[in-house]
Amino acid sequence: FSIHVDKKEASEETFRALEAYAQIKEGVVLVPDSERVSMAWGGFSIVQGTLNAISTAFSTKFPFHYAITLSGQTYPLTSVEKLREGIAKHPYGSNFVSCTKEPTSPSFHSWHY
């Protein structure tokens, strides 16, 4: 697990607790404090935090084949084992992201406030 914790002051206790946990739990790494981002809903900071977590994952010695992005609001309701079983049922390299282009003919007011 590569974990990015919001840089906001209110998140410091969570960061310190996870930092201690990562010291004793193999396979858990935190984005370094110097690379943490203060997250703003709907802003690019969410993308940057995700990219920093992926970069941290690549810098570890732990091999992985898939990245699953989760937030505090989108955590899985199943075990890691069940996630692995589900992914293993698909060919290596499968993409589980889907995209629907909507609206197809947006009105002027859809994109201008």
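Tutor: Let's start with Arg36, which counts as buried, with 7% relative accessibility. Keep in mind that this is a predicted model.

Student: What makes 7% count as buried?

Tutor: The cut-off for buried is under 20% relative accessible area, so Arg36 at 7% falls in that class.

Student: Okay, and which residues join Arg36 in a network of salt bridges?

Tutor: Salt bridges with shared partners connect Arg36 with Lys7, Glu12, Arg16, Glu19 and Asp33 in one network. One of these bridges is between the side chains of Arg36 and Asp33, at 2.7 Å from N to O. Arg36 also forms a salt bridge with Glu12, where the closest N and O atoms are 3.0 Å apart.

Student: Where do Arg36 and Glu12 sit in the chain?

Tutor: Arg36 is in the loop between E2 and H2, and Glu12 is in helix H1. They are 24 residues apart, and the pair links distant parts of the chain. Glu12 is partly exposed, at 22% relative accessibility.

Student: What about Lys7, which side chain does it meet in a salt bridge?

Tutor: That would be Asp33, with 3.1 Å from N to O. Lys7 lies in the loop between E1 and H1, while Asp33 is in the loop between strand E2 (29–30) and H2, so this pair ties together parts that are 26 residues apart in sequence.

Student: How many salt bridges does the count come to?

Tutor: The count is six.

Student: Let's switch to Asp6. Where is it found?

Tutor: Asp6 is in the loop between strand E1 (2–3) and helix H1 (12–24). A polar atom of the Asp6 side chain lies 2.9 Å from the backbone nitrogen of Lys8. If you leave aside neighbours within four places in sequence, Asp6 is in contact with Ser11, Arg36, Val37, Ser38 and Met39.

Student: And how far is Asp6 from Thr74?

Tutor: Their C-alpha atoms are separated by 15 Å, and the two residues are 68 apart along the chain.

Student: New topic, helix H2. Is Ser45 buried or exposed?

Tutor: Ser45 is buried, with a relative accessible area of 14%. It lies in helix H2, residues 44–58. Beyond its neighbours within four places in sequence, Ser45 is in contact with Val37, Ser38, Met39 and Ala40.

Student: And Phe44, buried or exposed?

Tutor: Phe44 is also in helix H2, but Phe44 counts as exposed, at 55% relative accessibility. Phe44 forms a nonpolar surface patch with Val47, Leu51, Ile54, Phe58 and Phe64, and together they have about 580 Å² of accessible area.

Student: Let's zoom out. How many helices and strands are there?

Tutor: There are four helices and two strands. Along the sequence, they follow the pattern β-α-β-α-α-α.

Student: What's the radius of gyration?

Tutor: It is 17 Å, whereas a compact globule of 113 residues would have one near 13 Å. The C-alpha atoms fill a box of roughly 55 × 40 × 25 Å along the principal axes.

Student: How much of the protein is buried?

Tutor: Buried residues make up 17% of the 113 residues. The accessible surface comes to about 9300 Å², and 59% of that belongs to carbon and sulfur atoms.

Notes: Residues numbered from 1 in each chain as written. Predicted model: local features only at pLDDT ≥ 70, side-chain atom pairs only at ≥ 80, totals over all residues. Heavy atoms only, no water. Contact = heavy atoms within 4.5 Å. Polar contact = N/O pair within 3.5 Å; in protein donor to acceptor, adjacent residues only side chain to side chain. Buried < 20%, exposed > 50% of the residue type's maximum accessible area, 1.4 Å probe, protein only. Patch = residues over 30% accessible without salt bridge, like charges linked within 9 Å, V, L, I, M, F, W, Y side chains within 5 Å. Areas by Shrake-Rupley, 256 points an atom, 1.4 Å probe, with all protein chains shown as cover. Salt bridge = Lys/Arg side-chain N within 4 Å of Asp/Glu carboxyl O. Rg over C-alpha atoms; globule rule 2.2 N^0.38 Å.
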